[in-house]
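Hi,

Here is the structure I promised to pass along.

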Amino acid sequence: MVGKVLGIRDLEQFSSRRSSVYVDPECDKFFELPLFIAASSNDVTTKCQCFQFSPGKEPALRSFTEIQQLLQQGKKRDVKNILRENSWPINSPIRSQLWPLLCGQHLTKQHMLDGFYWEMVHQVFGTTELSEKPIMLPAFVDAIHCLPYHLTSTGRAVADRIVNVLGYDCPDITYSPVLYPITSILLHFMSEEEAYICLAGLVASKEKVFINQTKLQHEVTWKTVMQIAKKHTKSAVSYFQRICPGQKLERVFMDWCWWILAGLPFQHLVRIMDCFFHEGIKVLYRVALVILNLFHKECQSNNEWSPDNIKNDIGNALIKFCKKIPVSPAKLLHAAFSIRGLSTQYISRISIKTEMLLKSRSVLNSSSKQLIKSRSSDNLPTSQSQVNIQMMSHTLTIRELHSESCRNLLFTLWSWLPVRITMYQPKLLYTTEEHGCSLTTFYVRVEQHEPTLLMIKTCNNEVFGAYCSSRWFERNVKDDKGQRQAYFGTGETFLFSLYPERAKYPWVGIEGDKDLGHSSELFMAADSKMITIGGGEGQAIWMDENIRFGKTDGCKTFNNPPLCPSGDFEIRVLEVYGFVGS
């Protein structure tokens, strides 16, 4: 067992260090040392039902060193499987090393500097000594959900300080109610500095979503859970709608994350975090679906959860149900990861569609005055951005057009960009006129930037292009089966034409919830021989490896016509822009 691998002395030191610094002694019932040091599993006794093993069967738990080596070898899928299958006991010392390792995958170099956290503490508070006075929490914290999970008063003060420093270091965080509870959980297994570094990694992650940081992201998340639940837990959702027709389903799903964070027993929560710190928020989505299904079954068989008892407040009933959930952490996770058809790509598609619909609705619900203002100036480039683009751009310098027309084209293009991107300064990453006509050079200069704006001017002076939402480096990313995915990208990608026609061609999936099939999701593709944007009965933009010739067809992904009349074109200039700070 774990005790044999890590040593009893380590266990004693770990348990003592945790309990004496941050953790309230009242929660000792969660941390039973005899669980580790039993000579055989027959001797194991604990107050936690989730750790009752079958006689004579000892679970084979993997060590930290094994997981560390797999991560160093880039075998993230193997690590994922280990984390899902290994039910380390709740007081296992492995987490003091494992969790920082998992969160550290997403860190930037700045946060890895020795002493960075304590320098920030001194900068924010003027001292590194922990104040005895209460610390005012940042505005992005939800005071109702500052869950301490049995931390001592010192532990809670430390959590307050960590959250404050993170808010100071990351001013873009405007609403993040789950950040404080996750901080409290981390402090059960590591030092203050280590907990901060873990949070910094989760917040900074680009490849996966861990923690929502704005109200928009928060709303997108619960609406995404609701959409997924309507498909994957259809009978449960229908049941709840039927027994309380007057209660809006949205109200129930708005609190979905608190089913887990405020409802589930701590031992369940810790095992969920083992997987969450590696896989991201999709783990919580899966757990939420299992909770819905389990609650639905209990409602049909247990009088405590009869329709009369829950119809007035299903959301609160769900949290109460979770507090005494009838399955172990292992069974809960097994059920969560057994749900089929819930891929990362599927979740991402639902999330992006939801975000774009919310943004559109926000504009439509604005007052007429605000709407006019938005159309006239809010979404246009700053004067400096205009100068930057016009000085760098060759695609907009069309001989047939005077400068005022070019300026109008620039305004049109800028108004089509996602609102958040218009806040950043454009930067010319690649142009054939300066960097040559080579796909290899294109990748070297462009592939790590997200998003990018591709603009093509043909030898016939047609100007068109695409806003590409994902990094071109993703052409190298492998799926769960170890194979490169032919297409990548998200529904935020769109095509445009500026001359002679002005038109924007967004993803067809934005218009509704209807499943349009695989051909509607062929956003971006690339290899050493070509670049493609859009697919399905044609390619919207295709360019060869020499970036000299290309072709354009109508495609199902964007429902666009060919972007130039002839279909085939010769490239005069290709320019690619990134956005500083995005």
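**Aromatic pairs**

Phe569 is buried, with a relative accessible area of 5% (buried means under 20%, exposed over 50%, partly exposed in between, with a 1.4 Å probe and protein chains only). Before going on, a word on the model: it is a predicted one, where local features need pLDDT of at least 70, side-chain atom pairs count only at pLDDT 80 or more, and totals for chains, interfaces and linings use all residues. Residues are numbered from 1 along each chain as its sequence is written, and side-chain values use heavy atoms, with hydrogens and water left out.

Phe464 is buried too, at a relative accessible area of 0%. A search of the whole structure turns up 22 aromatic pairs (rings of Phe, Tyr and Trp, the last by its six-membered ring, pair if their centres lie within 6.5 Å; planes under 30 degrees apart are stacked, over 60 edge-to-face, the rest tilted). One of them joins Phe464 and Phe569 edge-to-face, at 5.2 Å centre to centre and with 80 degrees between the planes. Phe464 sits in strand β3 (residues 463-468) and Phe569 in strand β10 (residues 568-580), so this pair ties together parts that are 105 residues apart in sequence. Helices (H or I, at least four residues) and strands (E, at least two) are DSSP runs, numbered from the N terminus.

There is also a cluster, in which ring pairs link Trp99, Phe189, Phe210, Phe276 and Phe277.

**A helix pair**

The axes of α5 (residues 76-85) and α15 (residues 266-279) come within 9 Å and cross at roughly 165 degrees (axes are lines fitted to C-alpha atoms, for helices over the stretch in contact, and angles run from 0 to 180 degrees between N-to-C directions). The two helices are therefore roughly antiparallel (over 145 degrees; under 35 is roughly parallel, 65 to 115 roughly perpendicular, the rest oblique). On the α5 side, the residues in contact (heavy atoms within 4.5 Å) include Lys76, Lys80 and Arg84, and α15 brings Asp274 and Glu279, among others.

Two cis peptide bonds are worth a look. The bond from Glu450 to Pro451 is cis, with omega near -5 degrees, and Pro451 lies in the loop between α25 (439-446) and β2 (452-458). The bond from Tyr499 to Pro500 is cis as well, with omega near 5 degrees.

Then there is Asn559, not a glycine, yet with a positive phi of about 50 degrees. Asn559 counts as exposed, at 62% relative accessibility.

Cheers
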